[in-house]
Amino acid sequence: MSSLYQKHRPQTFSQVSGQIFTIKTLANSIKHDRIGHAYLFTGPRGTGKTTLARVFAKAINCLEPKNISGEIAIEPCNKCANCQLINQNRALDLIEIDAASHTGVDNIRALKEAIALPPSQLKYKVYIIDEVHMLSLGAFNALLKTLEEPPAHAVFILATTEQHKVPETIISRCQQFSITPLTQKQIIKRLQEISQKEGVEIENEALEVIAINADGGMRDAESMLTQIMSLEDKNITVEEVNSILGTSSKQNVIEFVQFLINQELAPALAKIDFLQTSGIDLKNFNKSLLAYLRNLMLIKSCPENPSDITTGLTEDQIIQAQELIKETELKSILRLIELFQKSLEQFKITNLPSLPLELATIDFLTTEDELSRKKTIQNEVSKLSQQKIPPQSSPTKTNDKKTIATSLKKKPKPEKRELTSSEDEQKIANKKESTEPILQKSIKLSEVLDEWSTVLENVRPLNHSIHAFLKNCIPIGILEDNLYIKTKYDFYKDKLDEIENKLTVQQVIAKITNAPLKIVFVNEQEAEKLKFEPERLDENPLHAAMKLMGGRIVES
Ligand SMILES: [Zn+2]
């Protein structure tokens, strides 16, 4: 497949995406017959500088220019002899020079001699010099002389990505235009037009993934689309795009942001590790993350019309985002953006791809705000537990959350005890062979809930990451021999469902409760379908506190 960028290159001003101010000014100069001799287009790579230069060259040479919305004719017709010469790359008077490969003074001297001669076909002799900052000093000086006394028929259009490398003397001779990066919306719109012309259906979310990763450059966006269309598939899904570009699903981004906002460090770091081992390009993930955080910032600061200001979010995703940041301050979102903007830049200077994301995550979750928030929750737990604890308890001890948690536990029955470290080792050795304890009895959910913190304590030394996941889960019911545990996110469920992890949890629960329960992890939707009677958690102050804080125990 030939490059879509070449095939669908805009041929008129109205086909060019964005750059409204530049186009308007250029159109005005044509309209009032005040065409300058030198223009300088500056802007990032792939944003359409030379495309716009070519359209302008055609517009000033067109023999039968057309109207733009009823105004004076300025659009190239693409039909007259001059337009056709340019479109077919046969116009002798349109000279495109890549300064990167023609840096020397000789090239410019040759240009200077040629420019004195009048155009042979067109009205104007147009020189488009791309990457003009690459010229040598001698070449710049030669160019400057030409720009100082240009023949009436000559028009120079200089383009550069690095304006600061162009001498001030050159810049001051030019009309200067800043070609801005395109917005995601503009890129998506253009990609939609192209895919329609190519007769290919592409999911909107897939186009959004491309737009995010194009960094405002249409050329990159179109070359990604070329790559994806080479699949020869007429219905392209976001999954296909993700697998080709090494990008991650939006669900991954949303879950990661949930961890950050809910101040869950271990799962957030586990997620980064998971993405990396899944072969996802973490730099692309960082870009998608920033795009999502930007949406959150806009929703938080202008809650009235979120669908007008956000990019690439469906109605459902907007509602989900609103719910997610309900309790979050704008300040925190701004800080996240700042940190992950910084991490994006760090990808250039590290050879550990996960490090930039990890640094930003840890930085965000270990700030003063986080500490004070934890303190507030601990105080809430203390207050609630003081209501329950008999007066003889030492008041100094009530400041220690772990002491409270232990003192709140029912007095353990003799046959239930915590695992010792030697038993741990034995347990690990045996866990694949036996999942059922010797003693068996029927058990109620409330009994499991009473032992839940003991379960967590016993899982922790066996596997820290299972512990991190599990402490955000809650047992919701027992049906026959199955203990149903609700996981907070699908990602947790996937992790906990891994056979090793599940066996570990099952073994610990069996040992502590002495009941041969099989564990079934369910996500939110599945839990809802099961319709278990809600437990009366409020009887236990720790449970009440957990409920108040969103159903999780926070470690000190
Ligand atoms: Zn024409």
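Q: Which backbone oxygen lies 2.9 Å from a polar atom of the side chain of Asn61?
A: In this predicted model, the backbone oxygen of Ala57 lies at that distance from the side chain of Asn61. A polar contact needs a pair of N or O atoms within 3.5 Å, and the value here is 2.9 Å.

Q: How do you know whether Asn61 is buried or exposed?
A: Buried means under 20% relative accessible area. Asn61 has a relative accessible area of 0%, so Asn61 is buried.

Q: What does Asn61 touch, leaving out residues up to four places away in sequence?
A: Asn61 touches Asn82, Leu122, Lys123, Tyr124 and Val126. Asn61 itself belongs to helix H3, residues 49-61. Leu122 is 61 residues from Asn61 along the chain, yet their C-alpha atoms are separated by 6.0 Å.

Q: Which residues are the protein donors of the zinc ion?
A: They are Cys62, Cys77, Cys80 and Cys83, each through its SG atom. Donors must lie within 2.8 Å of the zinc ion, and these atoms lie 2.2 to 2.3 Å from it. Along the sequence their spacing is C-x14-C-x2-C-x2-C.

Q: What makes the arrangement around the zinc ion tetrahedral?
A: Four donors count as tetrahedral if all angles lie between 85 and 135 degrees. The donor atoms here subtend angles of 102 to 119 degrees, so the arrangement is tetrahedral. For comparison, the ideal angle for four tetrahedral donors is 109.5 degrees.

Q: In what order do the five strands of the open sheet stand?
A: The order is S2-S3-S4-S1-S5, and the pairing is parallel.

Q: Why do strand S2 and strand S5 stand at the edges?
A: Strand S2 (94-98) and strand S5 (175-178) each have a single partner strand, so one side of each has no neighbour in the sheet. On average, neighbouring strands of this sheet are turned by 15 degrees against each other, direction ignored.

Q: How many bridges join strand S1 to S5?
A: Four bridges join S1, residues 38-42, to S5. Two strands pair if there are at least two bridges between them, so S1 and S5 pair.

Q: What makes helix H9 mostly covered?
A: Eight of the 10 residues of H9 (residues 204-213) are buried. Among them are Ala206, Leu207 and Ile210. The cover over the buried residues includes helix H8 (184-197), helix H10 (218-229) and helix H14 (282-301).

Q: What is the phi of Asn89, and where is Asn89 found?
A: Asn89 has a positive phi of about 55 degrees, although it is not a glycine. Most residues other than glycine have a negative phi. Asn89 is found in the loop between helix H4 (81-87) and S2.

Q: Why are Asn89 and Glu480 called exposed?
A: Exposed means over 50% relative accessible area. Asn89 has 60%, so Asn89 is exposed. Glu480 has 74%, so Glu480 is exposed too. Glu480 sits in the loop between strand S8 (474-479) and strand S9 (482-486), and its phi is near 50 degrees.

Note on methods
Residues are numbered from 1 along each chain as its sequence is written. This is a predicted model: local features need pLDDT of at least 70, side-chain atom pairs count only at pLDDT 80 or more; totals for chains, interfaces and linings use all residues. Side-chain values use heavy atoms; hydrogens and water are left out. Donors are N, O and S atoms within 2.8 Å of the metal (3.2 Å for Na, K and Ca); water is not among the atoms, so sites may look incomplete. Four donors count as tetrahedral if all angles lie between 85 and 135 degrees; four count as square planar and six as octahedral if opposite donors are over 155 degrees apart and all others between 65 and 115; anything else is irregular. Helices (H or I, at least four residues) and strands (E, at least two) are DSSP runs, numbered from the N terminus. Buried means under 20% relative accessible area, exposed over 50%, partly exposed in between (1.4 Å probe, protein chains only). Contact means heavy atoms within 4.5 Å. A polar contact is a pair of N or O atoms within 3.5 Å; within protein, one must be able to donate a hydrogen and the other to accept it, and residues adjacent in sequence count only if both atoms are side-chain atoms. Axes are lines fitted to C-alpha atoms, for helices over the stretch in contact, and angles run from 0 to 180 degrees between N-to-C directions.
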